[in-house]
Amino acid sequence: MSDSRKYGFTTTILHSDRQKPIEHGSLHKPIHTSVTFGYRDARQLAEVFQGKQPGYRYGRQGNPTVSALEDKITRMEQGLATICFATGMAAIGAVAQALLREGDHVVSSAFLFGNTNSLWQTVAGQGVAVSMVDATDVAQVEAAITPATRIVFVETIANPRTQVADLKRIGQLCRDRGILYVVDNTMTSPYLFRPKMVGAGLVVNAMTKSIGGHGNALGGALTDTGLFDWTRYPNIIDTYKRYVPSQWGMAQIRAKSLRDFGASLGPEAAHHIAVGAETMALRMERECANAMALARMLEADPRVAAVYYPGLPSHPQHKLAADLFSGFGSLFSFELRDGIDCFDYLNRLTLAVPASNLGDTRTLVIPVAHTIFYEMGAERRASMGIAESLIRVSVGIEDTDDLVEDFRQALN
Ligand SMILES: *Cc1c(COP(=O)(O)O)cnc(C)c1O
């Protein structure tokens with residue numbers, strides 16, 4: 001399979017490692033635990049350090065097991081190159097560390113994963129201005145752009161309220177203005193959506209979630225789609241301009257963030273994620289179907305005040321989501337009617353586990369305002385549309401009837 005693009009998603013992922021020679025005909029890229037890599041000829045070591053020939057030098061900057069996973073993610077996103085990190089947050093943090101300077105400006109969706117919201121507050125304290133806007137409306141993104149805007153950052157489907165960003169129009173806007181468009185694809189996964197299709201320059205995937213998929217390894221990835229012209233980015237250091245321009249961004253991120261801050265993905269975690277990725281398409285199909293069945297059942301029940309799932313026709317961006325994504329995702333959230341305590345409800349569930357991960361094979365539930373969004377306070381929660389009784393559900397691959405029955409009996 002020399003041209004992986006003519007194969008389907010799962011075929012491509014399953015046979016990705018074999019695109020390069022693997023030791024002893026292994027079908028999985030082995031777990032390489034060596035921290036360093038020796039060379040018989042010291043000149044060769046120097047050339048690797050100088051980027052004049054490919055090779056590994058020290059585990060913090062790269063490892064063969066991690067590289068094989070990077071290739072897989074690049075294929076999934078149909079991008080140019082990928083860098084893996086220890087977590088999804090490290091991948092997002094790398095964008096800020098490597099690409100932003102004092103005086104720069106970022107426009108970010110206000111509907112964000114809680115820790116990404118917190119990261120932008122940190123960055124704002126370090127001399128970078130950050131505007132948080134309603135990214136379901138391209139006009140609000142456009143109004144926030146200034147001559148200092150370097151990055152527009154959005155999530156595909158926002159966690160936990162499931163707002164869908166106006167991804168295509170924001171992409172067009174960024175292209176017109178020459179601004180780097182960074183899209184966090186975690187909630188959709190590369191199986192349901194490729195942000196390259198809407199003009200993203202960089203794509204974030206928290207591999208901890210749907211790509212790894214089993215809740216047994218943390219990991220994050222940044223993919224360069226090849227669409228952004230790095231010669232238009234003012235913060236590229238001269239050192240990295242010795243590469244061809246398409247590589248400037250990733251070269252700077254690999255050195256200035258991965259090397260200098262060191263949030264490197266370990267080879268064991270890379271292996272777990274790579275094995276999980278083989279079944280991502282199968283899991284996503286099942287999870288999307290389960291999420292739809294649960295969302296429909298809950299929406300029809302008078303004891304439920306609201307259900308937020310892009311697959312429901314009542315969702316404000318349902319048409320947009322249907323147009324952009326090949327499925328509506330494995331996450332939804334809902335509010336119970338006044339008088340039903342969300343803790344009591346959660347404690348009546350027998351299958352769904354109160355826990356804070358997403359994209360696990362098991363269904364996980366969490367009372368959002370009291371846990372993951374607790375630190376930001378009631379005012380900010382209200383501005384993000386997070387009700388105090390909101391329950392987030394990360395739907396797993398259990399049998400559909402078992403899940404529907406569990407969520408129904410807990411309403412009694
Ligand atoms: C979980 C998540 C992250 C962070 O990933 P970690 O691996 O937990 O650091 C980032 N963005 C989104 C949308 C997420 O759901």
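Author: The ligand takes up the space of the second largest pocket. A pocket is found on a 1 Å grid over the protein atoms alone: an open set of points with protein on both sides within 12 Å along at least five of seven lines. A molecule sits in a pocket if more than half of its atoms lie within 2 Å of its grid points.

The model is predicted, so local features need pLDDT of at least 70 and side-chain atom pairs count only at pLDDT 80 or more, while totals for chains, interfaces and linings use all residues. Residues are numbered from 1 along each chain as its sequence is written, and side-chain values use heavy atoms, with hydrogens and water left out.

Now the shell. There are 14 residues around the ligand, and Gly-88, Met-89, Asp-184, Thr-208 and Lys-209 come nearest. Helix α4 (residues 88-99) gives the largest share, three residues. Helices here are DSSP runs (H or I, at least four residues), numbered from the N terminus. By type, the shell has five nonpolar, six polar and three charged residues. Asp, Glu, Lys and Arg count as charged; Ala, Val, Leu, Ile, Met, Phe, Trp, Tyr, Cys and Pro as nonpolar; the others, Gly among them, as polar.

Next, the polar contacts (pairs of N or O atoms within 3.5 Å). Gly-88 places a backbone N or O atom 2.8 Å from a ligand oxygen. For Met-89, a backbone N or O atom is 2.9 Å from an oxygen of the ligand. Lys-209 uses its side chain: an N or O atom there is 2.8 Å from a ligand oxygen. On its own the ligand has 380 Å² of accessible area, and the protein covers 93% of that. The areas come from the Shrake-Rupley method with a 1.4 Å probe.

One backbone detail lies in a loop. Pro-160 belongs to the loop between β4 (149-155) and α7 (167-177). The peptide bond from Asn-159 to Pro-160 is cis, with omega near 10°.

Note on methods. Near = heavy atom within 4 Å. Polar contact = N/O pair within 3.5 Å; in protein donor to acceptor, adjacent residues only side chain to side chain. 1 Å grid on protein atoms, 1.4 Å probe; cavity = no way out; pocket = protein on both sides within 12 Å on 5 of 7 lines; lining within 4 Å. Helix = DSSP H or I, 4+ residues; strand = E, 2+ residues; numbered from the N terminus.
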